[in-house]
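Colleague: I would like to learn how to read a fold from its backbone. Could we go through one model together, feature by feature?

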Amino acid sequence: MTVSPLDAKLYISDYMSRTILRVKTMGAVRDLKQNYEVIAGTGEQCTPGDVMKCGDDGPAVRAKLYRPKGRVSDANI
(Lines give C-alpha, C1' and ligand atoms only; values in the text may rest on other atoms or scores of the structure.)
Protein backbone atom coordinates (compact mmCIF):
# COMPACT_ATOMS: atom_id res chain seq x y z
CA MET A 1 0.00 0.00 0.00
CA THR A 2 1.06 3.56 -0.60
CA VAL A 3 -0.43 7.04 -0.68
CA SER A 4 0.39 9.04 -3.77
CA PRO A 5 1.97 12.44 -3.13
CA LEU A 6 0.30 13.67 -6.34
CA ASP A 7 -3.36 12.89 -5.67
CA ALA A 8 -3.34 11.77 -2.00
CA LYS A 9 -5.13 8.55 -3.00
CA LEU A 10 -4.41 5.17 -1.42
CA TYR A 11 -3.09 2.53 -3.85
CA ILE A 12 -3.05 -1.18 -3.06
CA SER A 13 -1.02 -3.85 -4.86
CA ASP A 14 -3.15 -6.99 -4.72
CA TYR A 15 -0.73 -9.71 -5.72
CA MET A 16 -3.26 -12.51 -5.25
CA SER A 17 -5.70 -11.05 -7.80
CA ARG A 18 -2.87 -9.58 -9.93
CA THR A 19 -4.28 -6.05 -9.89
CA ILE A 20 -3.46 -2.62 -8.53
CA LEU A 21 -6.36 -0.80 -6.91
CA ARG A 22 -7.03 2.85 -6.11
CA VAL A 23 -9.29 3.64 -3.15
CA LYS A 24 -11.84 6.28 -4.17
CA THR A 25 -12.41 7.87 -0.76
CA MET A 26 -10.98 7.45 2.71
CA GLY A 27 -14.17 8.75 4.32
CA ALA A 28 -17.19 6.79 5.47
CA VAL A 29 -18.66 4.54 2.79
CA ARG A 30 -21.72 2.31 2.70
CA ASP A 31 -20.40 -0.32 0.30
CA LEU A 32 -16.69 -1.13 0.33
CA LYS A 33 -16.95 -2.99 -2.99
CA GLN A 34 -17.82 0.30 -4.69
CA ASN A 35 -15.05 2.31 -3.03
CA TYR A 36 -12.17 1.19 -5.24
CA GLU A 37 -11.24 0.95 -8.89
CA VAL A 38 -8.77 -1.23 -10.72
CA ILE A 39 -6.09 0.93 -12.32
CA ALA A 40 -3.81 -1.86 -13.56
CA GLY A 41 -4.09 -5.53 -14.29
CA THR A 42 -6.70 -7.85 -15.76
CA GLY A 43 -6.31 -10.55 -13.14
CA GLU A 44 -4.54 -12.78 -15.65
CA GLN A 45 -1.03 -13.94 -14.83
CA CYS A 46 1.88 -12.66 -16.85
CA THR A 47 4.45 -15.32 -17.61
CA PRO A 48 8.05 -14.63 -18.66
CA GLY A 49 8.43 -14.83 -22.43
CA ASP A 50 4.72 -14.21 -23.04
CA VAL A 51 4.24 -13.13 -26.66
CA MET A 52 1.72 -10.53 -25.47
CA LYS A 53 4.58 -9.05 -23.39
CA CYS A 54 2.31 -8.81 -20.38
CA GLY A 55 0.71 -5.56 -21.53
CA ASP A 56 3.74 -3.57 -22.58
CA ASP A 57 2.82 -0.55 -24.73
CA GLY A 58 -0.87 -0.84 -23.86
CA PRO A 59 -3.28 0.52 -21.26
CA ALA A 60 -2.43 -0.53 -17.70
CA VAL A 61 -5.93 -1.92 -17.12
CA ARG A 62 -5.35 -4.43 -19.96
CA ALA A 63 -1.95 -5.59 -18.70
CA LYS A 64 -1.28 -9.04 -17.35
CA LEU A 65 0.64 -8.84 -14.07
CA TYR A 66 2.72 -11.30 -12.10
CA ARG A 67 2.25 -10.76 -8.37
CA PRO A 68 2.46 -6.94 -8.27
CA LYS A 69 3.96 -5.70 -5.04
CA GLY A 70 5.55 -2.65 -3.55
CA ARG A 71 4.79 0.97 -4.23
CA VAL A 72 2.85 2.06 -7.29
CA SER A 73 5.97 3.75 -8.64
CA ASP A 74 7.73 0.37 -8.48
CA ALA A 75 5.14 -0.99 -10.92
CA ASN A 76 5.87 1.84 -13.41
CA ILE A 77 2.28 3.01 -13.41
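Colleague: In which loop is Ala-8 found?

Modeller: This is a predicted model, to begin with. Ala-8 is found in the loop between β1 and β2.

Colleague: What is the phi of Ala-8 near?

Modeller: The general idea is that most residues other than glycine have a negative phi. Ala-8 has a positive value, near 60 degrees.

Colleague: Is Ala-8 buried or exposed?

Modeller: Ala-8 is exposed, with a relative accessible area of 57%.

Colleague: Which residue in the turn between β2 and β3 has a positive phi?

Modeller: That is Arg-18, at about 55 degrees, and it is not a glycine. Arg-18 lies in the loop between β2 and β3, and its relative accessible area of 22% makes Arg-18 partly exposed. The two strands form a hairpin with four residues between them.

Colleague: How do β2 and β3 run, parallel or antiparallel?

Modeller: In general, strands of a sheet pair through backbone hydrogen bonds, in either of those two ways. Here β2 (residues 10-14) and β3 run antiparallel, joined by four bridges.

Colleague: How many bridges join β3 to β4?

Modeller: Four, and these strands also run antiparallel, with β4 covering residues 36-40. Val-23 has Tyr-36 as its bridge partner in β4.

Colleague: In what order do the strands form the sheet?

Modeller: The order is β1-β2-β3-β4, in an open sheet of four strands with antiparallel pairing. β1 (2-3) and β4 stand at the edges with a single partner strand each, so one side of each has no neighbour in the sheet.

Colleague: How many of the residues of β3 are buried?

Modeller: The cut-off for buried is under 20% relative accessible area. By that criterion four of the five residues of β3 (residues 19-23) are buried, and the strand is mostly covered. For the chain, 25% of the 77 residues count as buried.

Colleague: How many helices and strands does the secondary structure of the chain come to?

Modeller: It comes to zero helices and four strands, and along the sequence the pattern reads β-β-β-β.

Colleague: What of the surface and the contacts?

Modeller: The accessible surface of the chain is about 5800 Å², with 53% of it belonging to carbon and sulfur atoms. Among contacts between residues at least 6 apart in sequence, 29% join residues at least 24 apart.

Technical notes. Residues numbered from 1 in each chain as written. Predicted model: local features only at pLDDT ≥ 70, side-chain atom pairs only at ≥ 80, totals over all residues. Heavy atoms only, no water. Buried < 20%, exposed > 50% of the residue type's maximum accessible area, 1.4 Å probe, protein only. Pairing = 2+ DSSP bridges. Contact = heavy atoms within 4.5 Å. Areas by Shrake-Rupley, 256 points an atom, 1.4 Å probe, with all protein chains shown as cover.
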